[in-house]
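Subject: Structure handover and notes

Hello,

Here is the structure you asked to have passed on. Please open it alongside this message.

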Amino acid sequence: MPDKLRTDIKTFKELTTHELYEILKVRAAVFVVEQNCPYQDLDDIDFTSSHVIIRCDDEIVAYSRVFKDDGAGLWHIGRVLTTQRNKHYGILVMRQAIETAQSLGAKTIEIEAQCYAIPFYEQVGFHVSSDEFMLDGIPHKRMKLLS
């Protein structure tokens, strides 16, 4: 039976408390527990982000947030995650996040990619744009997508 996928894109104000709880729960499960990386996830960027949520049978299977850094004038995609591997949910959420950013006026989109995930982001058109740097104890590189 094919997966019953549903995509929602919501601003912070549009999220219900239940949805926000689910998002924070999966972000903690992936970034804090699975990656064994204690860090401060709640950074106030959620307030100005568009939240891209992909569900399968009402369970979050992929998520990302899209936001503009007004100081730098750049659009960003961050907190990209999937809860189930090898189902291409990551590609789906990235394509939707890119489309969302572009619909909001993005000409250039930047991400801070964990180094092991660079080939994944290259699949959707991103290119490495920086040297390696450490973020929360994990090697990263900045990547850009130009429209």
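The model is predicted, so local features need pLDDT of at least 70 and side-chain atom pairs count only at pLDDT 80 or more, while totals for chains, interfaces and linings use all residues. Residues are numbered from 1 along each chain as its sequence is written, and side-chain values use heavy atoms, with hydrogens and water left out.

The pocket

Rolling a probe the size of a water molecule over the atoms shows where empty space is left. A pocket here is an open set of points on a 1 Å grid over the protein atoms alone, where a 1.4 Å probe fits and protein lies on both sides within 12 Å along at least five of seven lines. Lining residues have an atom within 4 Å of a point. The volume is the space filled by probe spheres set on the points, which are joined across faces, edges and corners.

The largest pocket has a volume of about 1,000 Å³. Its lining holds 40 residues, and Phe31, Arg79, Val80, Gln114 and Tyr121 lie nearest the centre. By type, the lining residues divide into 19 nonpolar, twelve polar and nine charged.

Elements are DSSP runs numbered from the N terminus: helices are H or I with at least four residues, strands are E with at least two. At least two lining residues come from each of helix 1 (17-34), strand 3 (59-69), strand 4 (74-82), helix 2 (89-103), strand 5 (108-114), helix 3 (118-123) and strand 8 (138-146). Strand 4 gives the most, with seven residues.

Aromatic pairs

Rings of Phe, Tyr and Trp (its six-membered ring) pair if their centres lie within 6.5 Å; planes under 30 degrees apart are stacked, over 60 edge-to-face, and the rest tilted. The count comes to three aromatic pairs. In one of them, the rings of Phe12 and Phe47 have centres 4.7 Å apart and planes at 75 degrees, so the pair is edge-to-face. This pair links distant parts of the chain, 35 residues apart: Phe12 is in the loop between strand 1 (5-11) and helix 1, and Phe47 is in the loop between helix 1 and strand 2 (50-56).

For accessibility, buried means under 20% relative accessible area, exposed over 50%, and partly exposed in between (1.4 Å probe, protein chains only). Phe12 is partly exposed at 22%, whereas Phe47 is exposed at 51%.

The rings of Phe120 and Tyr121 have centres 4.9 Å apart and planes at 70 degrees, so this pair is edge-to-face. Phe120 is partly exposed at 23%, and Tyr121 is buried at 10%. Ring pairs link Phe120, Tyr121 and Phe126 into a cluster.

Single residues

Contact below means heavy atoms within 4.5 Å, and the contacts quoted leave aside neighbours within four places in sequence.

- Ala113 is in strand 5 and is buried, with a relative accessible area of 0%. It touches Ile118, Tyr121, Pro139, His140, Lys141 and Met143. Ala113 and Pro139 are 26 residues apart along the chain, and their C-alpha atoms are separated by 8.5 Å.
- Ser130 sits in the loop between strand 6 (127-128) and strand 7 (133-135) and counts as buried at 19%. It is in contact with Lys141 and Arg142. A polar atom of the Ser130 side chain lies 2.8 Å from the backbone nitrogen of Arg142.
- Lys107 lies in the loop between helix 2 and strand 5 and is exposed at 61%. It is in contact with Leu145, Leu146 and Ser147.
- Asn86 is in the loop between strand 4 and helix 2 and counts as exposed at 78%. Its phi is positive, about 60 degrees, although it is not a glycine.
- His88 lies in the loop between strand 4 and helix 2 and is exposed at 62%. Its phi is also positive, near 70 degrees, in a residue other than glycine.

Regards

Terms used:
Nonpolar A, V, L, I, M, F, W, Y, C, P; charged D, E, K, R; others polar. Polar contact = N/O pair within 3.5 Å; in protein donor to acceptor, adjacent residues only side chain to side chain.
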